[in-house]
Structures are given as C-alpha cells and as structure tokens.
Amino acid sequence: MQTSFINIENIRNDFPILKRKVHKDKPLVYLDNAATTQKPIQVIDAISNYYLTYNSNIHRAVHELAEEATLAYEATRDKVAKFINAKNREEIVFVRGTTEAINLVAYAWGRQNVNKDDIIVTTEYEHHSNIVPWQLLAKEKGAKLEYIGVDDNGELILDHLDKYLATGKVKIVTFSQMSNVLGTITNSEEIVKRCKKYGVRVLIDGAQSVPHLKVDLQKLDCDFFAFSAHKMLGPTGVGILWARKELLQNMVPFNGGGDMIREVHKYETTWNDLPYKFEAGTPNIADVIGFAAAIDYLDRIGMDKVREHEMELTKYALDKLSQMKGIVLYGPKDVTKRGGVISFNLGDIHPHDLATIIDEDGIAIRSGHHCAQVLMERLDVSATSRASFYIYNTKEEVDVFIKSLNRAKELFKL
Amino acid sequence: MSSADIYREIILDYYRNPRNYGKITDPDIAQRDSNPLCGDELEMHLNIKDDKVADVKFTGKGCAISQASASMLTELIMGKDFEYVKKLTKEDILDNLGLHDLGPARIKCALLSLKVLKSGLYSYLVDKLKDTASADKIKEEASGLF
C-alpha cells in the first residue's frame with residue numbers, strides 16, 4: 001500500500017473524501033493534485049471550529065471572540081513564515097491566491113518601477129497567471145515582455161536569460177519554481193544569482209513547488225514569492241505573497257479600504273504598518289486559520305518525506321507509462337529534476353476524450369491546456385492529459401490508472 | 001452516457017477521417033470560434049448559391065466529439081436550402097451524432113460546430129442579406145447553445 005517513506009494508510013484515513021465512490025461504485029482515484037489537493041479532516045475541523053466557537057472579525061474589536069480569532073489568524077502568519085523560512089512575519093501578506101499575489105506585484109511594484117522600453121522576463125512554461133499580469137503592465141507602460149525558452153527536455157534555456165540581462169534593460173524576472181505541466185523543477189538559485197549581478201528583481205511562483213518541496217527563502221534569495229494554500233491541503237481563497245520588507249515599504253497599496261490605514265482624513269490617508277497595508281477589508285479569516293492546520297499536517301510528515309514519496313511514485317508511474325505504445329511523455333525523465341506532475345498524450349486520443357473515458361473508472365485527471373497555452377504552442381500540441389500526485393496517492397492507484405489508459409486505447413482501437 | 005456509447009466506430013471514423021476538412025478560397029461565410037474551457041478550435045467556411053449551401057468546409061483542433069460533430073454537420077448541410085440551415089437546432093445536431101446524454105462538460109464539444117455555423121449565418125444575414133430580424137434570432141439561438 002505504501003512507498004517506503006510515509007504511512008499512507010494513516011494519511012488516507014485523515015481524508016474523508018478519499019472514501020467516497022464515483023460513478024456509483026468506483027473508488028475515487030484522485031490524480032488532479034496540481035489543480036487542487038484534497039483536505040484532511042484537521043483542516044476541515046479547524047475551519048468549522050472557528051465558525052462554531054469563535055467566529056468574529058479580527059484586529060479591531062476588543063471582545064474575547066475577536067481576540068481569539070485575531071490570535072489564530074496571526075498565528076498562521078508565523079507558521080507560514082517559518083514554513084518557507086522567511087525572516088520577518090510582516091513580509092507575509094495574505095491574499096486570495098497566487099494569481100492575486102502576482103497581480104499585486106505587477107500593480108503595486110510594477111507600475112512604480114517598470115517604464116517604457118524596460119524588459120520584463122518570464123518563461124515559456126508559465127501559468128497564465130504569471131504571463132497575463134505582465135502583459136497588462138507591459139502594454140500600459142510600453143515595456144517589452146520576453147520569454148526564456150524551454151528545451152526539448154522540458155528545462156529552461158538559461159542562455160536566453162543572459163541575453164536579456166546583458167541589455168541592461170531588465171527590471172524583473174518572473175518564473176515558476178515548478179512547471180504545472182512538465183513538472184520541471186527550475187534551477188531557481190542559479191537564475192536569482194545571475195539576476196543579482198545586474199540588480200534585477202526576481203519573482204518566484206511557488207504554487208507548484210511549496211506543496212511538494214522544502215522551500216527556503218533565505219537560500220533562494222529572491223525578492224517576491226507567491227503561493228496558494230489550496231494546492232497544499234489548505235482551503236481555497238488563501239494565498240501568500242512574500243516580499244522583502246524594504247520593497248513592501250516602498251510599494252503603493254493594491255486595494256484601499258478598512259484595516260490597511262493608519263489615519264483617514266477627507267482627502268489624505270496614511271498607511272498601516274506591514275503587512276496590513278496590503279490586507280484591505282475583512283480577510284478570509286476562516287480559511288487562513290484552516291491553512292495553519294494544513295501547514296501543521298505537512299510539518300508532521302516532513303517535506304523531505306513528501307518529496308521522497310512523490311519521487312518514488314513518479315518513478316513508478318513513469319516506468320509503466322513509458323512502456324505504453326503510442327505514449328508521448330513531456331518533461332524531464334530524471335525524477336530528481338521534476339515533481340509529481342506527468343503530462344502526456346496517448347496516440348491520437350484527445351486529452352478530453354481520454355479524461356472522459358478514465359473518469360468512468362473513477363480516475364480524476366486534468367485535460368486541456370492547463371492555463372499554459374504559451375507552453376502548448378512550444379510543445380506544438382493543443383492539449384495534454386495530466387496526472388499529478390500527492391501524499392495520499394498509492395502505487396495501487398497508479399496501477400488502476402494504467403489499466404484504465406489501456407481501456408481507453410482499446411476503445412480508440414489503438 | 002458511457003464511453004463505449006460515445007466513442008462508437010462512426011464517431012472515431014469522422015474524427016480520424018474528417019469529411020469536408022479544409023478551407024474555401026474567398027468564402028461567402030467564414031467563421032471561427034473556440035471553447036475557452038478546453039481550447040478546442042473550429043473554423044467553418046461556406047459558399048451560398050441560389051439560396052443553397054453550394055460548398056462547406058471546416059478546419060479545427062480538438063476532441064473526437066467536437067471534430068466529428070463539425071464534420072458530420074458539414075455533410076448534413078451540404079447542398080441544403082439556406083432556410084433549412086437557418087432552422088437547425090441543438091437536437092438536430094445531437095440526433096445527427098447519435099449522442100443524447102452528454103454531460104454538461106462535454107455537450108459543449110458537440111455543439112461548438114453549430115455555434116460557429118450560427119455565428120457565421122448571423123454575419124451573413126447582417127452584411128449580405130441585410131435581414132436583421134432573422135440575424136437577431138440566430139444570434140440569440142447561438143448564444144443560448146452554451
């Protein structure tokens with residue numbers, strides 16, 4: 001039942017949804033974790049406990065419920081800071097998700113620092129959330145958006161970065177620490193090192209990496225870092241923007257409203273301290289509190305164990321998949337260079353047809369462009385199928401998946 | 001609807017050997033659309049002569065359902081009266097495909113071709129025939145498909 005690294009049986013018992021059946025009697029095989037992960041009972045309980053026993057708005061009121069809620073909300077900030085090894089808790093800004101975090105930077109930092117003819121560098125394997133905000137900014141400012149290409153092994157071509165850096169016009173380089181399609185783990189420290197030589201700012205999209213790898217911001221040494229709770233056992237609607245304190249201090253607020261102010265007068269307002277300057281309005285209190293339970297859960301297992309388990313599972317799946325006739329696998333073959341995300345195409349079966357067929361066997365995978373149409377163009381495909389693993393997936397589930405792929409091949413007479 | 005019922009021989013055949021695949025040079029109607037959820041793309045070209053469909057072709061990328069649906073639709077309307085084409089409904093398309101109980105995610109694949117056709121007819125009615133009453137009706141039907 002288990003890989004050698006974690007006790008999956010115990011883990012699976014914590015996830016009520018994994019007990020359900022789909023299509024009447026098929027056990028759920030959930031392999032769409034790169035989209036969102038399932039939630040353990042500890043997270044569900046933390047959210048429900050807040051609503052049942054101490055629901056209240058935070059920061060302002062002086063009554064006991066408000067105090068409890070504020071403490072729980074702010075305790076999450078400390079946990080997040082520790083989890084990614086951030087130096088200061090006030091560098092952790094709660095947002096709705098990775099997308100909002102990146103938009104916040106493009107808006108609040110970008111509009112102050114990117115000007116006409118400047119260059120913004122991103123990569124060909126970005127999610128749309130790390131492309132579109134920069135396109136908007138580039139169009140508004142008359143700046144240029146350039147791409148680091150992807151080689152045939154699914155890795156970034158860092159010579160492209162050097163070429164752009166050498167122009168002296170690059171203001172920010174923004175990239176994903178792990179591709180949501182190829183699974184490629186970016187050589188982030190190397191990119192940051194090269195950017196630092198030119199004094200160029202770096203944003204890292206950690207939406208796919210933080211849930212699966214030990215992330216250490218002190219080692220990474222980037223300027224901005226974004227990720228989402230819901231891809232790491234937490235609830236939807238919570239994301240983190242981490243940024244260097246001095247950058248946050250100089251940035252204009254993204255949203256104006258309650259909680260982000262120090263003093264408001266008729267025509268002038270002074271801003272609250274960090275991070276509250278960037279947290280206007282009543283935040284998603286319940287889900288932030290739920291996120292703390294998700295971090296606790298991952299901490300208990302240990303991120304090294306999570307990684308080892310996923311590497312073993314990915315290797316097991318890749319070995320089996322690569323033996324299938326007519327399969328095209330995307331991304332690095334070496335499991336030390338990739339996460340537990342496997343994109344593929346099988347013969348001429350369109351990914352939507354494939355996903356429909358294997359869904360009948362209870363298997364949830366993703367099919368389509370994965371919000372990465374620039375990469376689809378690069379791979380010269382309109383879509384791929386994608387299976388992605390997490391801590392509760394088993395080798396037996398991989399076997400069910402492979403068996404179902406073979407059924408799809410039979411249906412399509414391949 | 002089970003996969004075995006969806007991916008019948010005939011659907012696979014139209015997917016792999018699409019009839020009327022290609023483009024018409026200087027067509028009377030050229031219309032393109034895509035499904036933003038899955039990225040399926042479809043472009044249809046038509047020539048209208050003496051109130052009949054004189055020629056129709058399509059190009060596209062997408063799943064077996066969307067591509068077979070488009071190809072079978074071109075066969076259905078080839079040579080037919082313009083009035084007949086104007087009146088085609090969602091049920092006609094699903095009947096033609098033999099697919100009736102598709103789920104909400106996949107029915108869009110089957111109906112993309114009709115949506116493209118109706119949008120194309122709308123432009124034709126407005127620009128060439130100046131028939132805004134029929135055009136508005138078609139536009140409403142197209143937007144009601146999904």
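Analyst: Start with a term. Two residues are in contact if their C-beta atoms, placed from the backbone, lie within 7 Å. Keep in mind that this is a predicted model.

User: How many residues of domain 1 of chain A are in contact with domain 2 of chain A?

Analyst: Bounds first. Domain 1 of chain A covers 8-30 + 302-411, and domain 2 of chain A covers 45-299. Their C-alpha centres lie 28 Å apart. Across the boundary, 23 residues of domain 1 of chain A are in contact with 22 residues of domain 2 of chain A.

User: Which elements give two or more residues to the domain 1 side in chain A?

Analyst: In chain A they are helix 11 (303-322), strand 14 (341-346), helix 13 (373-379) and strand 17 (384-388). Helix 11 of chain A gives the largest share of that side, 5 residues. By class, the side of domain 1 of chain A that touches domain 2 of chain A has 10 nonpolar, 6 polar and 7 charged residues.

User: Now chain B. What pattern does it follow along the sequence?

Analyst: Chain B has 7 helices and 3 strands. Read along the sequence, the pattern is α-α-β-β-β-α-α-α-α-α. The radius of gyration of chain B is 14 Å, close to the 15 Å that the globule rule gives for 146 residues, so chain B is as compact as a globular protein of that length. Its C-alpha atoms fill a box of roughly 45 × 30 × 25 Å along the principal axes.

User: What share of the residues of chain B count as buried?

Analyst: The cut-off is 20 or more other C-beta atoms within 10 Å of the residue's own. In chain B, 38% of the 146 residues count as buried. Now take contacts in chain B between residues at least 6 apart in sequence: 58% join residues at least 24 apart.

User: How do I read one helix?

Analyst: Begin with the general idea. An α-helix has 3.6 residues a turn, so residues three or four places apart point the same way. Then the case: helix 2 (residues 9-16) of chain B has the buried residues B:I11, B:Y14 and B:Y15. Seen down the axis of helix 2 of chain B, these fall within an arc of 105°, so they line one face of the helix.

User: What covers the buried residues of helix 2 of chain B, and which exposed residues sit on the face turned away?

Analyst: The cover includes helix 1 (3-6) and helix 3 (64-77) of chain B. The face of helix 2 of chain B turned away from its buried side carries the exposed residues B:E9 and B:I10.

Note on methods
Residues numbered from 1 in each chain as written. Chains lettered and ligands numbered in written order. Predicted model: local features only at pLDDT ≥ 70, side-chain atom pairs only at ≥ 80, totals over all residues. Helix = DSSP H or I, 4+ residues; strand = E, 2+ residues; numbered from the N terminus. Rg over C-alpha atoms; globule rule 2.2 N^0.38 Å. Buried ≥ 20, exposed ≤ 12 C-beta atoms within 10 Å, placed from the backbone. Arc of directions from axis to C-beta. Domains from an automatic or database assignment. Nonpolar A, V, L, I, M, F, W, Y, C, P; charged D, E, K, R; others polar.
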